[in-house]
Amino acid sequence: MTRRMKLALAVLAGLAAIVLLLDRAVLPGLSSARNTPPLAEIVIATWLLHHSVPAEEKARVNPLGNDPAEIAAGADLFQQNCETCHGYDGGGHTTLGAGEYPRPPALGGIDVSAATDGELFYHIRNGIRNTAMPAWSLPDRAVWQLVAFLRHLPVVAPMQAPPVAPVAGAHYVGSAACQTCHAEIYARWKDTRMANVVRDPRDHPDAIIPDLSKPDPLVNFTRDDIAFVYGSKWKQRYFTKRGDDYYVLPAQWDVTHKIWRKYFVPNGADWWATLYPPDNFQRPTGPLCDGCHSVNYDIATRTVSEWNVGCERCHGPGSAHVARPLRETILNPGRFDAVQANDTCIQCHSQGQPPGNPIGGKYYDWPVGYEVGLHLADFWRLEDHKLGQTSFTHFADGTGHKNRMQGNDFVTSLMYARGVTCVSCHDPHGTANEAMLRQPPATICLTCHAAGGQNGPHAASIEAHTHHLPGSPGSACVACHMPKIEQTLADVNVSSHTFHFVTPARTEALGIPNACTLCHADKPVSWADTALRSWADRSPWRSAE
């Protein structure tokens with residue numbers, strides 16, 4: 001046998017061994033789409049995907065910008081064409097997506113957020129070979145609308161996330177320490193009501209809204225008596241300082257009606273009223289207010305690290321992060337699970353009591369000892385409610401009755417159960433929209449909800465669902481699902497956050513205000529009940545709730 005023949009046989013034997021190895025160890029199961037791609041494959045595929053886009057395509061910028069109407073149109077297109085695989089929030093957690101290989105990427109992830117507008121356009125237009133991503137023959141404008149929506153996907157917290165705890169050894173440094181690295185966010189926050197709920201009129205002469213030079217029988221104090229001004233949207237109250245504590249002066253300004261109203265909490269108007277003497281000047285704001293209007297209120301020294309809702313109220317003490325600005329040296333509620341993310345806001349936007357009351361002989365109306373990263377339930381108990389009973393906090397069905405019930409409402413909602421968080425809708429760093437909404441009320445609900453979509457409403461169009469004309473007040477999602485039925489002052493109310501539609505029948509049975517007669521104030525509840533029951537697409541059993 002010649003040397004060449006021996007070499008050929010050796011090669012054939014080697015190939016046979018490789019084929020046998022592939023047949024026995026590699027090929028079985030290789031075709032299954034159930035397997036999870038290994039990390040190396042993901043890294044290589046991501047690199048190849050990024051470099052497969054021509055440079056001139058990468059450089060393209062979305063000509064539609066951030067126009068809310070274009071984003072809303074993109075949301076509709078996404079719901080119609082993409083939601084089946086990618087999910088309404090772009091997370092890819094769908095039945096179809098879970099069976100694809102490779103899995104649909106998390107569209108809100110870093111790989112997509114780092115992609116240029118042009119890259120996203122290119123992949124939507126041309127598809128991605130050897131994946132389930134098809135090439136879409138949509139008009140250019142429609143593709144750009146999809147790109148715009150991908151930049152504004154709904155923010156939904158993970159239902160499970162790594163456990164968090166306060167950063168060891170960190171202390172409070174004040175919001176100004178964050179400005180250098182986070183200038184844009186700091187600038188937005190600085191103009192919010194969160195940053196200005198408590199103001200010193202000596203530092204901010206424009207803080208006092210009414211003209212104190214005009215006499216009023218309720219006003220028995222002067223500008224010099226005011227140490228702090230509290231609030232500016234619905235009402236404004238005035239704190240005076242006596243010793244180490246502050247006390248609320250006996251008149252408050254109704255911003256809506258531009259009149260003075262008496263300020264005094266009578267028995268039955270709050271749980272703590274009977275536990276303090278019936279005198280404003282024996283009810284200090286330290287136990288009753290200041291813990292939520294400041295950062296790091298110390299109940300022993302009655303001092304704060306910073307007045308107002310500063311950065312560290314939500315992110316925890318920042319000294320370690322200032323020294324070493326790493327992800328690991330600061331807390332970010334955006335990375336918390338849904339419960340802890342919401343608790344960051346619920347700590348103050350709720351009615352309740354600390355479980356340890358009284359603390360040091362005083363009754364507190366805020367979660368003493370809590371800071372972000374701890375478990376709020378260890379420091380705070382939401383106000384109890386008995387079904388069928390109307391209280392100073394709740395209507396008979398458990399819906400909030402007064403302001404600062406957003407947290408109490410929200411934890412009972414289906415959205416809370418699905419991982420939606422306060423920051424899914426609100427940006428605490430500030431926006432140009434009402435209530436710091438991420439988008440205007442007319443469009444923000446539609447980022448997750450669309451006619452016939454995964455999350456409903458299950459109707460041919462929004463108007464078919466609302467039975468009101470497009471663009472009319474009655475066709476707005478918030479009109480019916482967030483009616484202003486929770487009192488903040490006199491007849492000035494704020495929105496419910498249960499997102500449950502209160503039927504006219506429930507008004508008749510339990511006395512809970514409903515959205516129909518809030519708008520149609522000239523009509524009786526019976527008229528609204530009859531009208532609702534006449535809608536063929538409504539269950540008669542639901543209408544009777």
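Q: Leaving aside its neighbours within four places in sequence, which residues is D343 in contact with?
A: This is a predicted model, in which local features need pLDDT of at least 70, side-chain atom pairs count only at pLDDT 80 or more, and totals for chains, interfaces and linings use all residues. Residues are numbered from 1 along each chain as its sequence is written, and side-chain values use heavy atoms, with hydrogens and water left out. Contact means that heavy atoms lie within 4.5 Å. With the neighbours within four places in sequence set aside, the residues in contact with D343 are Y370 and L376.

Q: How far from D343 is the nearest side chain of opposite charge?
A: D343 is found in helix α14, where helices (H or I, at least four residues) and strands (E, at least two) are DSSP runs numbered from the N terminus. D343 is buried, that is, under 20% relative accessible area, while exposed means over 50% and partly exposed in between (1.4 Å probe, protein chains only). Lys and Arg count as positive and Asp and Glu as negative, with His and the chain ends not counted, and a salt bridge needs a side-chain nitrogen of Lys or Arg within 4 Å of a carboxyl oxygen of Asp or Glu. D343 has no salt bridge, and the distance to the nearest side chain of opposite charge, that of R381, is 10 Å.

Q: How many salt bridges does a search of the whole structure find?
A: Side chains of opposite charge can pair when their charged atoms come close. Salt bridges that share partners join E184, R188 and D427 into one network, and R202, which counts as exposed at 52% relative accessibility, pairs with D200 at a closest N and O distance of 3.3 Å. A search of the whole structure gives a salt bridge count of 16.

Q: Which residue forms a salt bridge with R151?
A: R151 lies in the loop between α9 (140-150) and α10 (183-190), and the pair links distant parts of the chain, 34 residues apart. With the closest N and O atoms 2.9 Å apart, the salt-bridge partner of R151 is D117.

Q: Which helices are included in what covers the buried residues of α8?
A: Because 7 of its 10 residues are buried, α8 is largely enclosed by the rest of the structure. The buried residues are D117, G118, E119, L120, F121, H123 and I124, and the helix is followed by G127, whose phi is positive, near 70°. What covers the buried residues includes α2 (39-51), α3 (55-58), α7 (110-114) and α9.

Q: Is the disulfide of C292 and C348 left-handed or right-handed?
A: The structure holds 1 disulfide, a pair of cysteine sulfur atoms within 2.5 Å, and those of C292 and C348 are 2.4 Å apart. C292 lies in the loop between α11 (285-290) and β7 (294-295) and C348 in the loop between α14 (338-346) and β9 (352-353), so the pair ties together parts that are 56 residues apart in sequence. Both C292 and C348 are buried. The torsion about the S-S bond is about -100°, so the disulfide is left-handed.

Q: Which cysteine has the sulfur nearest to that of C477?
A: C178 is in no disulfide, the nearest cysteine sulfur being that of C311, 3.9 Å away, and C178 counts as partly exposed at 22% relative accessibility. C477 likewise counts as partly exposed, at 24% relative accessibility. C477 is in no disulfide, and the nearest cysteine sulfur, 4.2 Å away, is that of C445.

Q: What share of the residues of the chain count as buried?
A: There are 24 helices and 12 strands in the chain, and its C-alpha trace spans about 120 × 65 × 45 Å along the principal axes. Among contacts between residues at least 6 apart in sequence, 57% join residues at least 24 apart. Of the 545 residues of the chain, the share that count as buried is 41%.
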